[in-house]
Amino acid sequence: MVGLLEYSDRAQAGVQEKRSRWWKLNDGQREVRIMPSSYLERLNETSNLIKKNNQIARRILDYSLAFYNIPFPDLLHFQSAHRSDPRPIGDHTSVIQSLKHFVRDWSTSGAHERDPTFVPILSTLETLSPGGGGDSRARQKILVPGAGLGRLAYEISALGFTTIANEYSFYMSMAHRWVLSLADHDTERIQHTYYPFTTWWSHQRESRNVLRGVTFPDAHLSSEALKRYTLLEGDFTKLFLDDRERGSYDVIVTLFFIDTARNIVEYLQNIHAVLKTGGTWINLGPLLYGTGPWVEPSLEEILQMAQRLGFELLPTDDRFGADSFNNQVSEWRGKVRGCLAGYSWDKESLSRNAYEAQFWVARKVR
Ligand SMILES: C[S@@+](CC[C@H](N)C(=O)[O-])C[C@H]1O[C@@H](n2cnc3c(N)ncnc32)[C@H](O)[C@@H]1O
């Protein structure tokens with residue numbers, strides 16, 4: 001929580017750092033005739049927008065303090081007790097990443113990332129449970145580990161399924177809970193605008209791009225859908241070891257998740273263990289192995305491991321991407337598909353951050 005408390009100070013320090021680097025230019029270079037005055041103006045405007053972003057950070061913080069029943073003075077005490085720690089306790093990068101995720105999950109600016117990835121997943125769920133009348137969907141338990149700020153999990157619960165979102169990062173979880181707390185208010189009144197690009201000055205075509213506001217949430221959140229929705233905070237590999245959790249889920253949906261594993265074999269074992277026999281695993285995502293992975297298997301090796309664990313891959317619709325094994329005599333032909341999927345892909349910028357994310361649907365047969 002300290003990261004949210006200190007968001008403004010740390011973000012302003014970043015602007016100050018940019019300002020002091022601007023001063024490294026010599027007088028002639030800083031002169032208006034060479035360096036446009038817009039640069040310094042942008043720094044000043046960024047500083048103002050951080051004050052607005054801080055209002056969002058404080059809302060999340062206030063909501064979280066109330067939710068976890070932590071008195072504000074206790075947080076201040078904790079902050080001062082750790083002030084001289086060699087590593088700062090409030091992780092500013094995690095705060096920035098969680099705030100940035102509102103764009104991907106809850107704004108129209110993230111629709112180009114969500115649409116190509118959500119459609120294959122949600123369509124598959126609808127096919128698994130057609131009609132959706134009565135309580136049939138509500139009786140099915142869907143687990144979404146690494147749920148980020150919860151948009152996919154929310155859309156699954158809006159289809160009528162009982163949905164358990166799981167998230168490991170505390171900053172993601174706090175923002176996740178807060179955005180869902182905006183449910184069932186009048187969308188016009190509870191929308192917020194913030195300025196997530198103020199920290200990304202690379203790849204900008206137009207100077208004003210970093211000053212753009214993003215309004216969220218773009219969807220009217222239904223408290224009815226949230227009755228079927230739970231956020232479980234903690235490590236996916238630790239939370240579901242209990243006998244009551246083993247074999248208890250009908251579907252697991254992993255979106256941009258499996259490559260976050262340090263030990264992907266453990267992830268696969270866990271996915272298999274928490275599913276009922278006959279249950280379904282839907283995956284969509286890249287293989288961008290993160291911090292210190294113990295192993296970095298190829299797509300083929302992951303599919304082989306899944307089969308050895310007891311999964312059988314199902315045919316997938318060619319609407320959902322190009323066949324990853326099209327040119328091969330392979331048992332996976334027509335089953336695994338690659339679709340272009342962006343992540344933190346700002347359409348206004350000069351960079352393109354996208355993957356050929358792999359989509360598959362597998363049934364636990366044993
Ligand atoms: C690449 S992000 C994707 C988030 C979301 N699925 C999306 O597509 O926007 C991966 C997420 O998984 C979470 N995560 C990583 N390891 C985890 C673990 N062991 N248990 C639960 N969540 C984890 C991270 O905190 C992060 O929010």
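**Figure 1. The interface of domain 1 and domain 2 holds 0 salt bridges by the rule applied here.** A salt bridge is counted when a side-chain nitrogen of Lys or Arg lies within 4 Å of a carboxyl oxygen of Asp or Glu. Across the interface of domain 1 and domain 2, the rule for polar contacts finds 5 residue pairs, both residues at pLDDT 80 or more; such a contact is a pair of N or O atoms within 3.5 Å, where within protein one must be able to donate a hydrogen and the other to accept it, and where residues adjacent in sequence count only if both atoms are side-chain atoms. On the side of domain 1 that touches domain 2, α1 (2-5), α2 (7-22) and α4 (38-67) each supply at least two residues, and α4 gives the most, with 15 residues. The residues of this side of domain 1 divide into 12 nonpolar, 6 polar and 5 charged, where Ala, Val, Leu, Ile, Met, Phe, Trp, Tyr, Cys and Pro count as nonpolar, Asp, Glu, Lys and Arg as charged, and the others, Gly among them, as polar. The model is predicted, so that local features need pLDDT of at least 70 and side-chain atom pairs count only at pLDDT 80 or more, while totals for chains, interfaces and linings use all residues. Residues are numbered from 1 along each chain as its sequence is written, and side-chain values use heavy atoms, with hydrogens and water left out.

**Figure 2. Domain 1 (1-90) and domain 2 (93-364) are the two parts given by the domain assignment of the protein chain.** The bounds come from an automatic or database domain assignment, and the C-alpha centres of domain 1 and domain 2 lie 30 Å apart. The contact, meaning heavy atoms within 4.5 Å, takes 23 residues from domain 1 and 21 residues from domain 2. Between them the domains bury about 2,200 Å², with 76% of it on carbon and sulfur atoms; buried area is the accessible area (1.4 Å probe) that two parts lose on being put together, summed over both. In domain 1, Arg42, Ile56 and Ile60 lose the most area to domain 2, together 25% of what that side buries.

**Figure 3. Met174 is placed in helix α9 (residues 170-180).** Helices (H or I, at least four residues) and strands (E, at least two) are DSSP runs, numbered from the N terminus. Met174 counts as buried because its relative accessibility is 0%, given that buried means under 20% relative accessible area, exposed over 50%, and partly exposed in between (1.4 Å probe, protein chains only). Leaving aside residues up to four places away in sequence, Met174 touches Met1, Leu4, Ile60, Ser64 and Tyr68.

**Figure 4. Helix α8 (residues 151-158) is largely enclosed by the rest of the structure, because 7 of its 8 residues are buried.** The buried residues in α8 are Arg151, Leu152, Ala153, Tyr154, Glu155, Ile156 and Ser157. Gly160, which follows α8, has a positive phi, near 115 degrees.

**Figure 5. A cis peptide bond joins Phe216 and Pro217, with omega about -10 degrees.** Pro217 lies in the loop between β4 (214-216) and α11 (223-226). Most residues other than glycine have a negative phi, and most peptide bonds are trans.

Figure 6. Asn69, in the loop between α4 and α5 (72-81), has a positive phi near 60 degrees and counts as exposed at 67% relative accessibility. Phe256, in the loop between β6 (249-255) and α13 (264-274), has a positive phi near 45 degrees, but is buried, with a relative accessible area of 13%.
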